[in-house]
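Q: I am new to this structure and would like to learn how to read a few of its features. Could we go through them one at a time?

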Amino acid sequence: MSLALGRRLGVRTLVHVAGEAIPFFWPMRTFIHHNPLYGLEHLPFEQAVAEGERLFHARGYLPRKVQQGYLAEGKVDPGVLADEVAHFLAGRPDIAGLDQQRLLMTLLTEPGVSIGPRPTLADAYDVHAALSGARLPSRETDATVLAAQVRADMPPGRPPYAIVDRLFGTGIGATLNELVIKSCLDFFDEGQSVWQMPGREQGLFAAWSAVAQRNLRLFIRGLHIKRILAVDATPEGIISHVMEALGVPEEDWKGHFTCELTRLHGWAGFIRWRAGAKHYHWARHYPADLVDYLAIRLVLGLALLREHAQRKGLPHTLAELDRFVEAHPGQAYLRHEFHGGHILPDSAHAVEDALASGRAGRIDRLLPVYLARKREHEARAQAAGLQNLAERAGLADAMRRLAPEALTTLAGTLAEFETAEGHMWLRALESCAMGRLMHGMNLAPAVQRAKRPFAQLMFCIDVRSERIRRHLEKVGDYQTFGIAGFFGVPVSFIGLEKGSETHLCPVVASPKNVVLELAIARSADEQAFVSSLEQVFHELKASVLSPFITVEAVGLLFGLDMFGKSLAPLAYSRWRQRLHPDRPDSRLLLDKLSREQADSIIRSLQRALIVKAVVRELNVEREAITDDMIRELRETALGNREGPTDFARRFVLDARAETAFIGCLRTVYRIDRGYAQLQMERLGRIGFTLDEQLNFVGTALRSIGLTEGFSRFVLLVGHGSTSENNPYESALDCGACGGNHGIVNARVLAQIANKPTVREGLRAQGIAIPDDTWFVPAFHNTTTDEIQLHDMALLPPSHLVYVDRLGNGLQSATRLSAAERIPTLEPGGSVDPARAYRHALRNASDWSQVRPEWGLSRNFGFVIGRRHLTEQMDLEGRVFLQSYDYRADSRGRLLENILAGPLVVGQWINMEHYFSTVDNAHYGSGSKVYHNVAGRFGVMTGNLSDLRTGLPAQTVLKDGRPYHEPMRLLTFIEAPFALARRAIEAVVPVKNLVYNGWVRMAIVDPETGTFHLFDDGGWRQHASWPGRPTEEIKEIAA
Amino acid sequence: MKNLNFSPLKKLEIILEGAHQEFATDLLDRAGVSGYTIVNNLSGKGRHGFHEGHLMFNEEAVLIMIIVAVPEDLVKPILEGYAPFFSEHTGVVFISDIQVTRLVKFTS
């Protein structure tokens, strides 16, 4: 039996939609910074944070204590905080005789004040009595109140086993997670374990169910999985069956699925990502998706639940559980108190004994005693908290005089306030930081340079570029620019000795064009290069082209698995695939192949395949066949000629055998026209057309406003990090290059920009690059701050005399940056440039170093505009700098692209840091010290846990306190208001980010000298920056 | 142009955000359709305002259209399959009657 098609697809889609809140998890070889609440970005920030709290049980704001620390350091504007409180109180009921503003400000800002958890049984009359030291009024708690409290913990969508755990302390959830993790480790292993799970190519669910049905361990535990699996052969059918067996109404399925998927959101996120990653080697060979995963979870969950229910006689469907609460509200309440961890410690023993006895009479006798104690406890604790608060606020008398009705109002206000408080702190912190940036900006018109600078350098917008740019500008005549580190060229790269494509661009785009790296042995001049290329085509096995155009099945005949181990053994046996930026003897193939070249490649591949076929299928020696025979066989297979072949005559094949062999050539060895067409299409992906190349260079230069005054050297500086024994190494690489080193994109753009034909085309577009300008790719190592020049062999001789000066300048900047950075890594670290630099070098190669560099920690701002705005400021490596000159962008198209690409990547990085900081245990990955590599793609804490997502404690915390200051990305655009606003509204996802408060957006209009801040759902114009200068705030704090 | 046989089919035009392309085509594959056409970078106006179709570095944010021709009996299962998706996301499906000459290309 199986579900009807439409129904099956419906279940599948429901799972897909239910899983959208789960953040993706990329294999850590290419760590992608992303917002863990990306799936909730359609909601306003505050709502999404609340939803994240519900789904992931994670905190969304820093605790009050840390914020109070910021306040004391002058990082939070108390004025803004007071405004936020006033805004909160507006529209809420007054309480006569009580200064609520003062009370709430005291609660916020006075260290050590807390009002404790909200009472569940005690009401305002009880608290009132406790406040005046009187006895609590006597009353009985109604059974319906108790039932309601239990039911509040059984919301729609909560899996029945979780409810059973809460009521009976069964621990099914933990066992289930453990079984699921073990299944995942078996299936998803990427070569770490010795034993491989059988049948993985059939997919996760099929492979798992085949193994699970024979799993003796599960059988011995009394889990009758076979019975459940027999109901339907498809995972969709199984999901539907389990839902019905548990009695979950269909409108709650989605919520139920989401709840199940969030339980191990690291694994679920990995499977979600993997299912969509069509180029991922392991996903292609061993497919899996969320439907498979959910089906496994549900089957195991149901089997565990049934086993427990049977053994202990427990209710286990939703209806049974509901009836249980209805019939035994008192017992259910006590169970919930005990197993849910809410029990009063000194009653725990008595309650446990009574529940274990199972005697209704005993439980009934205990209940009123417990309820009275709990109510008393809550009332006294609450009263003490309120009293302490009021005393600190100087409102003790007012508090004592409050009537019970007023206390009810106050309790409501306080509860809402404590929910809203985190956001108020956040806004006050952001306001201060925005002010700091804004007051430092130079809004005067830019001064024209008298002569061209000695060198111009384009750095990635990455916050770590700011430091080295600042120092470079100081040590000599250098002009620097910020541009997304893939330089606007999305590249799918196949490196030397690599069979696989690496996507080098932001993950929101997928590159259409492939760039190949080819070794050049002899000479670098163009003619030799082309001929060596031809040679490569003929040497089939050594060529990266063969696997590239040899799609799967055929490739295997050669032992050429395109994404497989044979071609990339190093890449798969090492923790992570590093691109080798330091290989001097290679060139990039980035022009389109001509039709003739492509034809010749396919022909030579077909010839090689025919030889292979003849040897394998007919046992004929290679030496016995001539080129003519091969040509004839090829023509016959392609249908270009008919009739018997010379080959058949020579080796005495009868007509039937010959036809069979030709058929085999067509179907197995794929010598046919359709296949050749596919290969042609694949070859068509190699390289860029001249127009494309022209467009890349033109757009890159225009978008940063560099259209004239070109220097002799224009350095394109990609970046990456180097560290040892660090699963998170990739997190320190270039986010705009998909978590890889940025050097390839730099090489690509430099090679293009140096081409005479491209220069000619640019001149026609109005960008005249002088003949003596040379684009040089370079690599910025962010761990050591070194800048290394690449492709120097191509440098024109005329430039050689300047290389020394350039090298000295770069070296000085390197050391000065290190001197600024090292003290932040180690207390007392050297500030002497030379020693600091040596220290940085050591960090890069120290096997035991858990924090080789701070990476993007402490990032908070994003400035889109000309460099002179921020040139005078020390931004401490905390701000993304995107060069942009609105005067070169009258229609706002360049700005739109900056917003859609770089800003979105910046926001992901920012949010990753934000959430990893505010709740490192849930959104972050905890301490690296306890990490174990799982299956070669992720890390677990200990030897069995969820895959840890987000950033480790060592990246965002220092000595257990936040090092990163979590703020939303504070974005400034320097452009006329109308232009910038239009661009923001034109890019729907960015518009949503701004309107929903995921980034704070300000526009600085240089034409009118006004500021425009998006706040409270609209644009607010200010003649000057609306906020106190930092010094003033610091004074108040002091 | 003699002997042309026209066979009736249904055409679905599915418009959704590029980020969901994988999901949408996977569902069609599972429904057993034999092929489809994808048009990228759509511009146009809907309930969420005007969508630009020219973003260079972000393909997930632009709208795409998937065009697929299917036998009538597949229309309902496909729509049933998409239903939970469109109750959460922007997008539309247009259904129209079409005729094709080479039916064999559209049946699997």
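Q: Which residues lie nearest the centre of the second largest pocket, and how many residues line that pocket?
A: This is a predicted model, and in it the second largest pocket is lined by 42 residues, with A446(A), V447(A), Q448(A), Q479(A) and R887(A) lying nearest its centre. The volume of this pocket is about 1,100 Å³.

Q: Which elements give two or more residues to the lining of the second largest pocket?
A: They are β2 (478–483) and β17 (999–1005), both of chain A, and it is β2(A) that gives the most to the lining, with 4 residues.

Q: How should I read a salt bridge, and how many does the structure hold?
A: As a general idea, side chains of opposite charge can pair when their charged atoms come close. Over all chains, the structure holds 61 salt bridges, and one of them joins the side chains of R64(A) and E421(A), at 2.7 Å from N to O. R64(A) belongs to helix α3 (residues 64–72) of chain A and E421(A) to helix α23 (residues 404–440) of chain A, so this pair ties together parts that are 357 residues apart in sequence.

Q: Which residues gather in the patch of positive charge on the surface?
A: In a patch, like charges are joined within 9 Å, and here R815(A), R835(A), R838(A) and R842(A) gather on the surface as a patch of positive charge. Helix α38 (residues 833–845) of chain A gives the most to this positive patch, with 3 residues, and R842(A) is found in that helix.

Technical notes
Residues numbered from 1 in each chain as written. Chains lettered and ligands numbered in written order. Predicted model: local features only at pLDDT ≥ 70, side-chain atom pairs only at ≥ 80, totals over all residues. Heavy atoms only, no water. Patch = residues over 30% accessible without salt bridge, like charges linked within 9 Å, V, L, I, M, F, W, Y side chains within 5 Å. Areas by Shrake-Rupley, 256 points an atom, 1.4 Å probe, with all protein chains shown as cover. Salt bridge = Lys/Arg side-chain N within 4 Å of Asp/Glu carboxyl O. Lys, Arg positive; Asp, Glu negative; His and termini not counted. Charge placed at Lys NZ, Arg CZ, Asp CG, Glu CD. 1 Å grid on protein atoms, 1.4 Å probe; cavity = no way out; pocket = protein on both sides within 12 Å on 5 of 7 lines; lining within 4 Å. Points joined across faces, edges and corners; volume = space filled by probe spheres on them.
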